[in-house]
Amino acid sequence: MIEICQLSKKYKYAEDFSISKLDLTIKDEEIFGLLGPNGAGKTTLISILSSLIKPTSGHFTINGLTYKEHSKKIKQIIGIVPQEYALYPTLTASENLFYFGSMYGLTGNVLKDKMNYHLELLGLSRFANKKVENFSGGMKRRVNLIASILHSPKVLFLDEPTVGVDVQSKNVIIEYLQQLNKDGTTIVYTSHHLNEAEDFCHRVAIIDKGCIITKGIPTDLIKQQKHTHNLEDVFLSITGKALRDHA
Amino acid sequence: MHKLVASIYKEALLLTRDIGGIAILFIMPLVLVITITLIQDSTFKTVSASKIPVVFVDKDNGEVSQYIFNGLLASNSFEIIKKTSEEEAATLVLKGDYQLAVVIPEDLSVDLQKEISNNVENVLSKFGLESDTVKTESKIKIEKEVKLYFDPATQGTFKSAVINGIEKMVSQIETQSIYKAFQSQLGEEDTLIFDTKSFITFKEINPSNRNQEIKPNVSQHNVPAWALFAIFFIIVPLSINIVKEKNQGTFVRLQTQPVSYFTLLAGKTIVYLGVCLIQFTLMLLIGIYVFPYIGLPKITIFERLPLLYLVAVFAGLAAIGLGILLGTLAKTQEQSAPFGATFVVILAALGGVWVPVFAMPKGMQALSNISPMNWGLRAFYDVFLRKTSFFEVLPEITMLFLFFVVTSAIAIFYYKKKNAI
């Protein structure tokens, strides 16, 4: 379970808080969607939860553990799928997975078996020994995902895992994530694909300007808002149609 | 331990996948050491295939000008082009067509002879001896100038060498003329009463240990100096490697994994230290096996190999520490690459790779003492040229190791401070 309490983050030289006094609880084995326009604070929240940046104030626990006291333990039970392809382009898929798996402490046949299993599941076995730099966007996304789950994390953070991939790759990724969730992994996921989130997430929270505006089961949120037929309608009715460009 | 081994394996793979980068890393230092050694060798060789063209204007047409002309010819360093006009010679040098013009003034031989005869007569008259020969006409002291026109682009060391050479020739002919004048005044022109050969001569002795004299040559000087320069150039690819990881996102992933920054850096250190040692080995092999084939003196190592590698290891560690610090602090490759390259050149200059430390101004000498390249160079020269023992290079290698520890510690401290949760 992830418990977030009064979590805030203000970047150096920024005028406003990226996230402000967030309170949120994500239950075990839940698929939780963090939705919001550009600059809403989704990536900041995921970055804090995955220990990449420190919050300005507030605190959070993951499975009852805090970073200050149990940094290594938390890192062992979480997996992070970053927005960018966090892979070495000149290494093959297998070499990348071997390295990142080793960094989780996996060794020998256990690591090899896990690599082969996940490569097979995501349709990449044939390309295991090819350099990542020659892969399509969808293939890179899938390797990026495998690199984060080799150690069977209890909690998986995904920052827009299906951005820039074709429908087939997206379908494979979503099915794969659903299987992981069935096997007991809690998934926290950000996306701009609201239809995908509607089908995929057990619960979602819509964040705007660093604050949670609403949260709940997607079908309940659709019912609560007037003249809305899907999550995208809910999203637009809550966050408005104004552009959110920022620099 | 497994994480460290995996890190080493990954770094080695990344390096070997960049064949162009590897080639540059290993071939460029070799090209550098061969080029510099060849150039320096030809500069200081007495018998050189290439000769410097010099314009010679002889307004004297006498014994002295002929002596200087012959002296320049005999040096084998100059190709002499005779001109009659001083103005023409000066123009040619100013245009950069020639590096040097030597202008011998009118009546130099005659006036020198008169000056010497006057002096000799004066000396003899003090002893109550009168000359049989006709007294010289003038007793007025005449000063003569041999003019040297230098190309403005000519370096100071070359100027000094030429001026010293000509001064020496003029001094020799003056001495010989004085002896001749005495003989003439004493009426002993036909018999040799003065030995005009130099009484004081010089012998170059190279202090040596263990009864093995190493004659310093251009290779013994250049191989360690440029090997060290190449070793320190590891800063550039190493810092780029770290910055690239930060920019391509792999570092973000590693930050979320249960692995310490120390382990990641240890993996890089071991692999890049291996690169440094391969570079060093190639340099030595070039010095031993290739130099003799291209007319350069072979480097002599004797039984110094373990000590040489020990110095190379610590010099490599110092360079790697600096590379790690630079890579950790820099945000982009545009920051790390030019800074790294320029900084190595500055360190080399401060370290005495180009100009010996003793020839530097006092302030720069003080700065030189805190340059890791200076410690490395001193240690290499100690082993290569002075044949010292392990204990004598211990201070230098200790400094190099401390430098590695301090720079790596700063990098880790900075990383932890920046990423503390």
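Reader: How many residues does the contact take from chain B and from chain A?
Author: In this predicted model, the contact takes 28 residues from chain A and 20 from chain B.

Reader: Which helices of chain B supply at least two residues each to the side that touches chain A?
Author: Helix H1 (2–17) and helix H9 (250–255) of chain B each do. H1(B) gives the most to that side, with seven residues.

Reader: And how do the residues on that side of chain B divide, nonpolar, polar and charged?
Author: Nine are nonpolar, six are polar and five are charged.

Reader: OK, chain B itself. How many helices and strands?
Author: Chain B has 15 helices and four strands. Of its 421 residues, 35% count as buried.

Reader: Into which domains is chain B divided?
Author: Domain 1 covers 2–43 + 209–419, and domain 2 covers 51–185. Taken over C-alpha atoms, the centres of domain 1 and domain 2 of chain B are 51 Å apart.

Reader: What share of the contacts in chain B with a separation of 6 or more comes from residues 24 or more positions apart?
Author: Such residues account for 79% of those contacts.

Reader: Switching to the sheet. What is the strand order in chain B?
Author: The order is E2-E1-E3-E4, in an open sheet of four strands with mixed pairing.

Reader: Which strands stand at the edges?
Author: Strands E2 (78–83) and E4 (147–150) of chain B do; each has a single partner strand, so one side of each is left without a neighbour in the sheet. From one strand to the next, the twist averages 25°.

Reader: What about E1 and E3 of chain B, parallel or antiparallel?
Author: Strand E1 (residues 52–58) and strand E3 (residues 100–104) of chain B pair in the parallel sense, over five bridges. Asp58(B) stands opposite Ile104(B) of E3(B).

Reader: Now the helix packing. At what angle do H7 and H14 of chain B pack?
Author: Helix H7 (residues 218–232) and helix H14 (residues 372–386) of chain B pack at about 145°, with their axes 10 Å apart. The crossing of H7(B) past H14(B) is right-handed.

Reader: Which residues make that contact?
Author: From H7(B), Gln220(B), Pro224(B), Ala225(B), Leu228(B) and Phe232(B). From H14(B), Met373(B), Gly376(B), Leu377(B), Phe380(B), Tyr381(B), Phe384(B) and Leu385(B).

Reader: And by class, how many of each?
Author: The contact of H7(B) with H14(B) has ten nonpolar residues, two polar and no charged ones.

Methods. Residues are numbered from 1 along each chain as its sequence is written. Chains are lettered from A and ligands numbered from 1 in the order in which they are written. This is a predicted model: local features need pLDDT of at least 70, side-chain atom pairs count only at pLDDT 80 or more; totals for chains, interfaces and linings use all residues. Axes are lines fitted to C-alpha atoms, for helices over the stretch in contact, and angles run from 0 to 180 degrees between N-to-C directions. A crossing is left-handed if the near helix is turned anticlockwise from the far one by less than a right angle, and right-handed if clockwise. Two residues are in contact if their C-beta atoms, placed from the backbone, lie within 7 Å. Ala, Val, Leu, Ile, Met, Phe, Trp, Tyr, Cys and Pro count as nonpolar, Asp, Glu, Lys and Arg as charged, and the others, Gly among them, as polar. Two strands pair if DSSP finds at least two bridges between them. Domain bounds come from an automatic or database domain assignment. A residue is buried if 20 or more other C-beta atoms lie within 10 Å of its own, exposed if 12 or fewer, and partly exposed in between; C-beta atoms are placed from the backbone.
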